[in-house]
Amino acid sequence: MEYSAIFWWTALWLIFWGVVGSIFTRRVYLRKDLDTSNSILVGAMVGAAFGPIGLVPMWIKTPEISRKLILIPGFVALGIIMLAFALADPENNCVSNGSFVASQITNGLIIGIIYGLMALGLTLIFSILGIVSFSHGEFYMIGGMIVYYSTVVWFPGLHPVIGVLIACLLTFLLGAIFERLFLTPLYDGRIDRPVEYGILITFGLAFTLQYFVQAIGGSNPVKAKRFFDFPRIRLPDKEDPWLIKTSRGNMELFDTVSISNPRFVASVISILVLLGLLYFLYRTWTGKALRAVSQDRDAATIAGINPHHMNMLAFALGGMIAALSGATLVQAFSWLPQVGMIPAMRSFVIVVLGGLGSLPGAFIGGIIIGLVEAAGTGCVPDPQKASSYIPAYGMIVLTLMLLLRPTGLLGRRFASGTHGKL
Amino acid sequence: MGKIKINIPRILITILVIFVSIQAYAANCPIKIGGLAPLSAPGSVTGGEAMREAMLLAERDINAKGGVLGCDIDVVITDTEGLPEKAAAMMQKLITQDGVVAVGGGYHSSVGVASKDVANSRGIPVVFAETWNDTITGDMQKYIFRIAPLSSWASGVIWKFAAQAPGVKSVVIVTENTDYGIPAAEECAKGLSSKGISSVTFGVDIGTQDFAGIVERVKAERPDYTIVLLTGEAGYNYTQQAADAGIGPQDIMFHANQAGLESKAWWENVPDGNLAFMARIGVPETMYNESALKLAADYKANTGKDGIESYALEAYDSIGVIAQAINEAGSTDGDAIVTALENISHDGVLGRIYFPYGSKKSPSEDGKGSEWWHQWPDPAITMVQYQKEGEPSNTMTIVYPEVYKTGDPIYVD
């Protein structure tokens, strides 16, 4: 970084006024007997963005805290730090290389969509059953393994999309059977400590699945073939394809953004599944019933919804969604029985960031983590550190979120599910 | 019919003698030798599986020849997962619970670095097979030996080959943040710099899957040559993702890591991996000695692979060297085995193995660094290249050095 002092002094200024704002805004709102639920976040954002010029008028007027009051200073603070970075390191690729920035953003969005889909399954289970499934990563692994074995080993030549469907079906059944056999004690009063039981039993399932696959298939890395090859496209003309240029495994847009085939296919499938899932949750009776149980279990029961059936459906569906993420990525990454550990950890981060139990929060959280990781990897000046700290970028965002808004982006203060009802 | 006189005291004494003999035999036989291998992620499972197979073949061959000190040997293989903390714990377990008298194998350098102190403090000799980090022998510990090449030496072959490739002005090194990757990357960067070639190093954690951001950043560097020092499936993931982005082995000159020598896994995981260069330990198959040829045949029959990987050869020899040392020591005492190892001349599959430097002669007497302590000085290192899509590793073209060369390298523009 050429002029690092510019960046670090700006960052220090933002942090100082952010801390001042977060501490005193809450006190001011409390003294005036106003709603303080988002006062820490607003104070931090206004302080970081405008310093004392923004904070003092806010403390005098104490306006009602709205989304606009959070987002506008938030984006201003982000803009200030980006400007400081640009001034401090004008030669950085993130400042001087437009195509690099576009590629990083595209890659961040694509992987963020896939992360978001996986986290969606985890939050669905949490919002209905009230447990964190520690076997989520293993469902992800199983999904990829089923696609690999069904298309390469058992039925060579079988189209991968059929393999994905088989993976969905088998993991849905696995989730449903597991829920019936092992999770029913959570809600029929047979055990004293249901939350701990939920954690331990899903841990058990995780180990069982991982070592079962290792025993059956070994530990060597495997990989499925690309689901589809890109057709050869050169637009607007063959000599100067500035708009789009494709090879079998890569697509280049506007001569700048390159997207690899496996990621593109995985993200398209993820988006389609997401749309289907949204339709299911918001337009069908069963989906509405699921959401009703996640919002208020007792009220849903009074309305004639059997919450036990919804528990089974949620666990099976959540596991299936994780498996689907794995099924689409087995063509992009080498696959091992332990492959689910890192995505599972990332899903936990995303779910907490997005707000425990919030379906849209999980998806938005996924995209944020994808973009932050891409920005960190691309912009941190020291290449050695930039690539070494990939897992840390998401954790920094999560830590900030927990400090400023402990319920996460779109989380509710009190989740429903089986919390407090057992 | 005469009456049989039963002498009960004599029978009891006979039973007691037999029982004591069996106990004594059971206490000493079989002689247990430990074997370290990464058999689960994030370790290089491909390498670990190959080493396990080779160590079991060593056990079979040694027992077929009468074993050691009149006993069979039992190679107790343990999974290090490529993690230092697991390696130290597994070394402790091998020594205290399994009762091994010596240890062979070892793939990841971080495993060697972490576990050597445990073995040394307990007086158990170790012959590391594939751990390159210089400090493993550089600490000059009494019980630690190595038949793998030194990292500084192996890295030298990698950067020298890159430096002599046509038109190379800038190199990107993608390495893992381990005791193998960091020093190897530093050696490469230093060597390239001495030839006036600039380099940028990217470090990632072992087991990284998604390289999209790093690949874009590497692309922005516009390198003429890429050196990948990632073990296990991380090496596969990076190479294929780089190929998808147009900076793979078919787009720029590209050194992939040793995991690529397992050709079945390589072509399945890196379908666009043709033209990648790799470093291979040991002489080419055409120059194998009789025992190496036999081992290669047995290994291929057992695994269904096309050839035997260099780390499998090293793992086999690490057990063979230990077995011979125990025989020559005439005991399983750690000090006696060390003395035997320091004087050994073992005709292994890699060639004649010996350790010229140790307690009798310090490396400094010949002006060498401490890393040559208990270090086999002769492992051959070649650069090989896949030149046909789907080709098995045993037919890879040897492109460097001149003495072993079987064909010219194909350099991509």
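Chain A of this predicted model has 17 helices and four strands, and its radius of gyration is 24 Å, close to the 22 Å that the globule rule gives for 422 residues, so chain A is as compact as a globular protein of that length. Of the 422 residues in chain A, 49% count as buried, and among the contacts with a separation of 6 or more, 74% are between residues 24 or more positions apart.

Chain A is divided into two parts, domain 1 with residues 4-90 and domain 2 with residues 98-230 and 254-404, and the centres of these two domains, taken over C-alpha atoms, are separated by 34 Å.

Let me stay with chain A and turn to one of its helices.

Another place to look at in chain A is Leu403(A), which sits in helix H17, residues 390-404.

Now to chain B, which has 13 helices and 14 strands. A compact globule of 413 residues would have a radius of gyration near 22 Å, and the 24 Å of chain B agrees with that, while its C-alpha trace spans about 100 × 50 × 40 Å along the principal axes. In chain B, 57% of the 413 residues count as buried, and residues 24 or more positions apart account for 68% of the contacts with a separation of 6 or more.

Chain B, too, is divided into domains, with 27-149 and 292-379 forming domain 1, and 152-285 and 382-404 forming domain 2. The C-alpha centres of these two domains of chain B lie 27 Å apart, and 29 residues of domain 1 are in contact with 27 residues of domain 2. On the domain 1 side of that contact, helices H2 (45-64), H4 (109-121) and H12 (310-329) of chain B each supply at least two residues, and by class this side has 13 nonpolar, 11 polar and five charged residues.

Finally, let me come to the place where the chains touch. The contact takes 32 residues from chain B and 32 residues from chain A. On the side of chain B, the elements that give two or more residues are H2, strand E7 (198-204) and helices H8 (212-221), H9 (232-244) and H10 (263-269). Which of these elements gives the most? It is H8(B), with six residues, and sorted by class the side of chain B that touches chain A has 12 nonpolar, 11 polar and nine charged residues.

Conventions: Residues are numbered from 1 along each chain as its sequence is written. Chains are lettered from A and ligands numbered from 1 in the order in which they are written. This is a predicted model: local features need pLDDT of at least 70, side-chain atom pairs count only at pLDDT 80 or more; totals for chains, interfaces and linings use all residues. Domain bounds come from an automatic or database domain assignment. Two residues are in contact if their C-beta atoms, placed from the backbone, lie within 7 Å. Ala, Val, Leu, Ile, Met, Phe, Trp, Tyr, Cys and Pro count as nonpolar, Asp, Glu, Lys and Arg as charged, and the others, Gly among them, as polar. The radius of gyration is taken over C-alpha atoms; the globule rule is 2.2 Å times the number of residues to the power 0.38. A residue is buried if 20 or more other C-beta atoms lie within 10 Å of its own, exposed if 12 or fewer, and partly exposed in between; C-beta atoms are placed from the backbone.
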